[in-house]
Amino acid sequence: MRHTLRETWSGLRRNLAMTIAVIVTVAVSLTLFGAGLMTSSEVNLIKGRWYDKVEISVFLCTEYSSGGRCVQGEGTTDAQRATIEETLKANPEVQEVFYESKQEAFEEFQRVFANSPLLSTRTAEQMQDSFRIKLKNPENYQGVSAEAAGLPGVQQVQDMHQVLDSLFSALGAVQWATIAMSAFLLLAAALQISNTIRLSAFSRRREIGIMRLVGASNLYILLPFLLESLVAGIIGILIASAMLAVGYYVIIVQNAQASITALPWIGWGDVFGAILIMAIVGIALAVVPTLIATRKYVQV
Amino acid sequence: MIKFEDVTKFYPGQQRAALRNINLEIDKGEFVFLVGQSGSGKSTFLRLILREYKPTKGNLYVAGKNLGTLNQWQVPQLRRQIGMVFQDFRLLPGKTVYENVAFALQVIGKPAQHIRRIVPETLELVGLSGKERRLAEELSGGEQQRVAVARAFVNRPKIIIADEPTGNLDPETSVGIMKLLDRINRTETTVIMATHDASIVDQMRRRVLELRDGELVRDQAKGIYGNA
């Protein structure tokens, strides 16, 4: 045991520059990997919350509105309004239809922009009446949205999916780019660890030769190398965990959560989950290249 | 102790067998010379006993184990019963005589107390008492080979394999090493020694195995070097 620890320590010290390089690469690649994981759980969280709530909004015409199926200077007539409601309710994809009047819309506007200078820019008359549609299956929105757009008296159909889909595909791209970049860095870290261990094993090749000859067990021969890369790996994991925790606290807890209340944010549980997965990857990252690099020294 | 049953060894990618249909038995406590020209198969013969390679055909038994069916993880156990001495000593530079010998016991997990007792005893046996603190590379060739023999014997193996142990030594020093191997042999330790040194073989008059082109061409009790 004393021999093993001494060999580990001397291996780490002999390759101090390489050891530091390994720690930095491991820390950076794992941080990026962990950040990718956290982004991905944030995206899933937003998707889960929003896809439930997402509705199709069918805005009706006012005297001021134009475009769509509106007649210039005239609002939607009561007859049209009734037809629209019937048609929407008759559609098999539709689960529920709510009516939101101008007044209700204005109250909502007042609530959302309560502390904003925008509050004074609108009056109740400028708001639009609308139908809010809840779908049976949020994925099948195209049919309903196309049908609604064709009805007389409909000014505009606003479909949150179009907005959200492009948002989510952008977030998804960020998330995959992060994970792909971290995969490259993880590969670099793995190669670096394997090189360091190869050097370390080469400088001890005489001892290893004698150990094999006198019947030292493979574990005994391997242990100093495994410990050497594990020490570097664990320091890297600790640095990466600290960076993720600090990053989460500063970016999300202190800033995003306070200023963007409309979105759900991941909590510490998700952060620890990401750190746990990252730590497992980090340990595999240290152990697997070491076993590969020392393979030729332990095969008999 | 060692039994070759129709053992043949081919190296990958080679047409000619390195060893062909070897049949022989070496008993406990025997002293055996292995002679033959370079490339006759002596090294392959020794390496098969160490389980560095497996026989391509046939069975090889060493210390009661069939090496063809021995698991990878059992190989270290086998090697603990075999001591190995080389022509080029293979000591660890920068370590003292004592440390070089103790190393062989430390790495197989022997208790420190046992090591402190057995290492000086073994160094005395090989005639190196008083030189424990010297660095291995400061010693003469003959003394370095004594350290190597001590390292091979310190775990009291059943078999000592010596691959041209006198190849780098002058005749006088060689005699000293042979006396040492002879003394070890008297402790019921089987000794197998590959050599090119005709005068040593002729003086000792022990069993001689001669290999030529991978075949066993002579197995002679109390033999001489001959014209190998």
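Biologist: Two residues are in contact if their C-beta atoms, placed from the backbone, lie within 7 Å. With that settled, what percentage of the contacts in chain B between residues at least 6 apart in sequence join residues at least 24 apart?

Modeller: Please keep in mind that this is a predicted model. In chain B, 67% of the contacts between residues at least 6 apart in sequence join residues at least 24 apart.

Biologist: And in chain A, how much of the contacts with a separation of 6 or more comes from residues 24 or more positions apart?

Modeller: For chain A that share is 85%, again counting the contacts with a separation of 6 or more.

Biologist: What radius of gyration does chain B have?

Modeller: Chain B has 17 Å, which agrees with the value near 17 Å that a compact globule of 228 residues would have. The C-alpha trace of chain B spans about 50 × 40 × 30 Å along its principal axes, it holds seven helices and 10 strands, and buried residues make up 43% of the chain.

Biologist: Let's go back to chain A for its helices. At what angle do H8 and H9 of chain A pack?

Modeller: Helix H8 (residues 218–259) and helix H9 (residues 268–293) of chain A pack at about 155°, with their axes 9 Å apart. Since angles over 145 degrees count as roughly antiparallel, H8(A) is roughly antiparallel to H9(A). The residues of this contact divide into 18 nonpolar, six polar and no charged, and H8(A) passes H9(A) in a right-handed crossing.

Biologist: What about H1 of chain A and H8(A), at what angle do they cross?

Modeller: The axes of helix H1 (residues 2–14) of chain A and H8(A) come within 8 Å and cross at roughly 50°, which makes H1(A) oblique to H8(A). This crossing of H1(A) and H8(A) is right-handed.

Biologist: Which residues in H1(A) and H8(A) meet there?

Modeller: From H1(A) there are Thr4(A), Glu7(A), Thr8(A), Gly11(A) and Leu12(A), and they meet Leu223(A), Pro224(A), Leu227(A), Glu228(A) and Val231(A) in H8(A). Sorted by class, the contact of H1(A) with H8(A) has five nonpolar, three polar and two charged residues.

Biologist: New topic, the two chains together. How many residues does the contact take from chain B and from chain A?

Modeller: The contact takes 16 residues from chain B and 12 residues from chain A. On the side of chain B that touches chain A, H2 and helix H3 (97–106) of chain B each supply at least two residues, and the largest share, four residues, comes from H2(B). That side of chain B divides into eight nonpolar, three polar and five charged residues.

Biologist: Is H3(B) enclosed or exposed?

Modeller: Eight of the 10 residues of H3(B) are buried, so it is largely enclosed by the rest of the structure. Among the buried residues are Val97(B), Tyr98(B), Asn100(B) and Phe103(B). What covers the buried residues includes helix H7 (205–214) of chain A, together with helix H4 (112–125) and helix H5 (141–153) of chain B.

Biologist: And where is Val75(B)?

Modeller: Val75(B) sits in helix H2 (residues 75–79) of chain B, and with 21 C-beta neighbours inside 10 Å it counts as buried.

Biologist: Last one: what is the phi of Arg156(B)?

Modeller: Arg156(B) has a positive phi of about 50° although it is not a glycine. Arg156(B) lies in the loop between H5 and strand E7 (159–163) of chain B, and it is partly exposed, with 13 other C-beta atoms within 10 Å. Lys222(B), in the segment after strand E10 (215–220) of chain B, has a positive phi near 45°, and Lys222(B) is exposed, with 9 other C-beta atoms within 10 Å.

Definitions and conventions. Residues are numbered from 1 along each chain as its sequence is written. Chains are lettered from A and ligands numbered from 1 in the order in which they are written. This is a predicted model: local features need pLDDT of at least 70, side-chain atom pairs count only at pLDDT 80 or more; totals for chains, interfaces and linings use all residues. Axes are lines fitted to C-alpha atoms, for helices over the stretch in contact, and angles run from 0 to 180 degrees between N-to-C directions. Angles under 35 degrees count as roughly parallel, over 145 as roughly antiparallel, 65 to 115 as roughly perpendicular and the rest as oblique. A crossing is left-handed if the near helix is turned anticlockwise from the far one by less than a right angle, and right-handed if clockwise. Ala, Val, Leu, Ile, Met, Phe, Trp, Tyr, Cys and Pro count as nonpolar, Asp, Glu, Lys and Arg as charged, and the others, Gly among them, as polar. A residue is buried if 20 or more other C-beta atoms lie within 10 Å of its own, exposed if 12 or fewer, and partly exposed in between; C-beta atoms are placed from the backbone. The radius of gyration is taken over C-alpha atoms; the globule rule is 2.2 Å times the number of residues to the power 0.38.
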